[in-house]
Amino acid sequence: MDLYLPIANLSVNALVIIGLGGVVGLLSGMFGVGGGFLTTPLLIFYGIPPTVAAASAASQVTGASVSGVFTHMARGTVDFRMGGVLIAGGVVGAGMGVFIFRLLQYLGQIDTVIGILYVLMLGGIGALMAKESIQALVALKTGKRPPARKRRHHPLVAALPMRWRFYRSGLYISPLAPLLLGMATGILTMLLGVGGGFILVPAMLYLLGMATQSVVGTSLFQILFVTMATTMMHAMTTKAVDLVLALLLLIGSVVGAQVGTRISMSIRPEYLRILLAAIVLFVAARMALGLGFRPDEIYTIEVR
Amino acid sequence: MRRSRAFLALPAALALIGADEPQLVPDVSQREVVIQYSFTGADLLLFGAIVYPDGRRPDKPADIVVVLKGPEQSITMREKQKVAGIWVNADTARFRSAPSFYAMASSRPIDRIVDERTAAIYELGLDKLQLSPSSLNESAELSRFQSGLVDLRARSGLFVERPGTVEITDGVLYRARLPLSARVIVGDYTAETFLVQDGRVVAAAVRDITVRKSGFEQFIASAAEHWSFVYGLVAIAMAVGMGWAAGAIARRI
């Protein structure tokens, strides 16, 4: 079933895009991540222009995180104060991302930077997750629990001035730390079309030392608003949000996300995490190969 | 660019007034191509008649070349090179007038119909496109970029060359089929027909074709362009609404 995308200016097979959204949604439901890290590269691989892919993938992440946010709000596992600071940082970061995007586009290096960022980000986070989940699996098999890590924020965070209390996170730290963290994920969201949950969750745990139960809910809360802001900024600046493409992705991903959530309830979280680590490392390796191998297209055309 | 072509065509036009030359009566199957939701490209039929003065056909059959051209674009091309182990964009070249679409069909291979110079004047053939480079590259570099452009667009169906596909019936009626790729941009296209005899273009005629988006596609594209804030709001509302609805439905099941 061919469908013409009015902004991307080409025809796609609607079922392929819905299926793609479904697979990403399934993963996002299973692992509690937005899944933008898969959508953007897959869309580019399918032939969608990179800018349109990144701009439209952001709105898919919005759709995939909505129902998760409602669930966590009902459970009271969203730290609104922490979330608010993160969102403020995220919106500023997305605004900075617009300038970086334009600068890189002007220099002609946007594709390379996107590629390198993906490799570094996914490679680093994937390795971290793999190490952790293997340790958890070993502990599960041997029956020995690893010594409980003392929850403590990073010394750099403690050095920042002006402290606020974040009750639900169990923290008394400077709001500058989550603000900077939010900014970093905002830039990534704008450049890559990812939600940034990948960076956010480990950083909240290990850098800020947040209470585990409110980490996922708060990060989803931040992702929801930052992807909304990013969609708006793309609509206003690059004008590359394709409503038809976004609709197709959303149809697949919101359904997939619900199925994924059900599946995740019947699998042990330790196995889920090692599976996710494997997928992340695979995508990182694929992107790294893409940077190193001779590309299919040596030339690119930009219309002015 | 356009002016220089008009200037070159002037002698041919003057020659036509001389009346002893044949004339072309061209037409196209579609004056307007509408891009709508199921658009996967179109097949255009370019046909017409050759009218010889007094109805006398020449002893040696004439040749027909048809060229379908899209709006010209100002483009920047980048070339990837391996730097420190990874492939990055290195060299660039800018062209002021690259056709967004170019399709050509001829009754015989071009090099057997006209000489190099004539082919260059009328831009007959993908290697004869006049792209008006606006950056200071060496000529060897420019031709490398030009062949890169042709190769890239040829593979996405935007540049087409079909030598030997123009059928001429009884020396007076001709027809050619050219594919319009799904990736074409909207704008004014021209279908040019050239009548060539003894390596000389003896008659030329042009028909205009408009390519536009249909109602819904046009609406989306212009909304994104002109009402970008509202467009962004709609995109966000759609994402939030669908995510919320799916969650609400899933809780019921």
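**Sheets of chain B**

Modeller: In chain B, 6 strands make an open sheet of mixed pairing, in the order β2-β12-β11-β4-β7-β8. The edges are taken by β2 (32-35) and β8 (159-163) of chain B, each with a single partner strand, so one side of each has no neighbour in the sheet. From one strand to the next the twist averages 15 degrees. This is a predicted model: local features need pLDDT of at least 70, side-chain atom pairs count only at pLDDT 80 or more, and totals for chains, interfaces and linings use all residues. Residues are numbered from 1 along each chain as its sequence is written, while chains are lettered from A and ligands numbered from 1 in the order in which they are written.

Colleague: How many bridges join β2(B) to β12 of chain B?

Modeller: There are 4 bridges between β2(B) and β12 (residues 200-213) of chain B, and the two strands run parallel. B:Ile35 has B:Lys213 as its bridge partner in β12(B).

Colleague: Which strands stand at the edges of the open sheet of 4 strands in chain B?

Modeller: That sheet has the order β1-β3-β10-β9 (chain B) with antiparallel pairing. Its edges are β1 (23-28) and β9 (167-169) of chain B, each with a single partner strand, so one side of each is left without a neighbour in the sheet. Here the twist averages 20 degrees from one strand to the next. Inside the sheet, 8 bridges join β3 (residues 42-51) to β10 (residues 173-180) of chain B, which run antiparallel. B:Leu46 stands opposite B:Ala176 in β10(B).

**Contacts between chains and domains**

Colleague: How many residues of chain B are in contact with chain A?

Modeller: A contact means that the C-beta atoms of two residues, placed from the backbone, lie within 7 Å. By that rule 48 residues of chain B touch 46 residues of chain A. On the chain B side, two or more residues come from each of β5 (72-83), β6 (86-99), α4 (139-155), α5 (215-226) and α6 (228-252). Of these, α6(B) gives the most, with 16 residues. The side of chain B that touches chain A has 27 nonpolar, 14 polar and 7 charged residues. Nonpolar covers Ala, Val, Leu, Ile, Met, Phe, Trp, Tyr, Cys and Pro, charged covers Asp, Glu, Lys and Arg, and the others, Gly among them, count as polar.

Colleague: Which strand of chain A is joined to β5(B)?

Modeller: Strand β5 (residues 299-303) of chain A is joined to β5(B) by 5 bridges, and the two run antiparallel. A:Tyr299 stands opposite B:Glu79 in β5(B).

Colleague: Where are the domains of chain B?

Modeller: Domain bounds come from an automatic or database domain assignment. Chain B is divided into domain 1 (2-70 + 98-213) and domain 2 (214-253). Their centres, taken over C-alpha atoms, are 42 Å apart. The contact takes 6 residues from domain 1 and 5 residues from domain 2 of chain B. On the domain 1 side, β2 and β12 of chain B each give two or more residues.

Colleague: Why is α2 of chain A described as largely enclosed?

Modeller: A residue is buried if 20 or more other C-beta atoms lie within 10 Å of its own, exposed if 12 or fewer, and partly exposed in between, with C-beta atoms placed from the backbone. In helix α2 (residues 36-46) of chain A, 8 of the 11 residues are buried, so the helix is largely enclosed by the rest of the structure. Among them are A:Phe37, A:Leu38 and A:Ile44. A:Gly47 follows α2(A) and has a positive phi, near 115 degrees.

Colleague: Which residue other than glycine has a phi near 55 degrees?

Modeller: That is B:Glu123, in the loop between α3 (116-121) and α4 of chain B. B:Glu123 has 17 C-beta neighbours inside 10 Å and so counts as partly exposed. B:Ser132, in the loop between α3 and α4 of chain B, has a positive phi of about 45 degrees although it is not a glycine.

Notes: Pairing = 2+ DSSP bridges. Axes fitted to C-alpha atoms, helices over the stretch in contact; angles between N-to-C directions.
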